[in-house]
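Colleague: I have just opened this one and would like a friendly tour. Could you take me through it step by step?

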Amino acid sequence: MPPKRKTSSRQFSYLPILLIAAALAVLLTVYWSRTVARRLTMDFSYPYAALPAAAVAALADESLALKSSHELAREVEGLRRVNALLMAGASRIEELEAENRQLRALTGMTPPRQYRYQACEIILRDPISWDEYFTISAGSDSGVFDGAAVLALVPDGEELRIVLVGVVRTASRHSARVVTLLNPELKLSARLPEADVVGFINAEGSGHAGPGAVELTYLPYQGAYALGEEVTTTGLETLVPGGIAIGTLAELEPENLLFGDRSYRRGALQPLADFNKLRQVIVVVLDRDSRR
């Protein structure tokens, strides 16, 4: 029999090293494989995974923007309301200042002899006939009677002047209804001091005067008229003192009409009062001492 070969001890000394090396190789292979697979998977699926995320982000941004817009809209609306309140307050202050100026001016004005001034407010206006009628806050208990002149204070440069706006049509105890110059029902005599003639307001009721103007008729044919000259009251009416400004001569028909056979001329006057801005008026009433 052949003799048995002896195993060298060196062969056994390399075995652990080989096992460790093999284990490391397996671990490296597994790690590299997982890394490569993960990268490939992420690169391939990134566009599909990023699209929903981008959409969600965009939706969130848009929602935030919409929320901010609503908040800004609420703030703007709040500021508008505050601004409207401030403007209303400023407008009311201006009205009060104007009323105070009028009252101060009124206290410094001397009424015609045998008359006194009664200040009052306009408390009611008819929307349909806004410029033709209104109701005031004074009546017979304050000395206001039918036919009394109703005046207003209007700017005249830096001063205020009294002008006619109408007359009292009917008076109750605590209020009165006023018919204005713009109402054709008001018939009143009028004087042109420069021409030294007398005519009549709304005497014909022909309606030839333009919007905002007042019919002025029965003017002497040969009078020397000038457009823009002042028209005043005559004093022929009992409760309408003379010399109160009414308006200015705005229109006058030609002197030589082709088929004219009248001995008088027609015209129109422009009232000095602004009927849209009337808030307070003055009624000319007979002084109590003069009625005794």
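What follows is a short exchange about this structure.

Modeller: Before we start, this is a predicted model, where local features need pLDDT of at least 70, side-chain atom pairs count only at pLDDT 80 or more, and totals for chains, interfaces and linings use all residues. Residues are numbered from 1 along each chain as its sequence is written, and side-chain values use heavy atoms, with hydrogens and water left out.

Colleague: Happy with that. In what order do the elements of the protein chain run from the N terminus on?

Modeller: Helices (H or I, at least four residues) and strands (E, at least two) are DSSP runs, numbered from the N terminus. The protein chain has 1 helix and 12 strands. From the N terminus on, the order is α-β-β-β-β-β-β-β-β-β-β-β-β.

Colleague: Is isoleucine 246 buried or exposed?

Modeller: Isoleucine 246 is found in strand 10. Contact means heavy atoms within 4.5 Å, and isoleucine 246 touches residues including Leu164, Ile201, Val231 and Leu272. Buried means under 20% relative accessible area, exposed over 50% and partly exposed in between (1.4 Å probe, protein chains only). With a relative accessible area of 0%, isoleucine 246 is buried.

Colleague: And leucine 236, buried or exposed?

Modeller: Leucine 236 lies in the loop between strand 9 (230-233) and strand 10 (245-252). Its relative accessible area is 63%, so leucine 236 is exposed.

Colleague: What angle lies between the planes of phenylalanine 200 and tyrosine 218?

Modeller: Rings of Phe, Tyr and Trp (its six-membered ring) pair if their centres lie within 6.5 Å; planes under 30 degrees apart count as stacked, over 60 as edge-to-face and the rest as tilted. By this rule the count comes to 2 aromatic pairs. Phenylalanine 200 and tyrosine 218 form an edge-to-face pair, 6.4 Å centre to centre, with planes at 85 degrees.

Colleague: How many residues apart in sequence are the parts that this pair ties together?

Modeller: Phenylalanine 200 sits in strand 7 (residues 197-201), whereas tyrosine 218 belongs to strand 8 (residues 214-220). The pair therefore ties together parts whose separation in sequence is 18 residues.

Colleague: Which residues form one aromatic cluster?

Modeller: Phenylalanine 200 is partly exposed, with a relative accessible area of 35%. Tyrosine 218 is partly exposed too, at 38%. The aromatic cluster is formed by Phe200, Tyr218 and Tyr264.

Key: Lists of a residue's contacts leave out its neighbours within four places in sequence.
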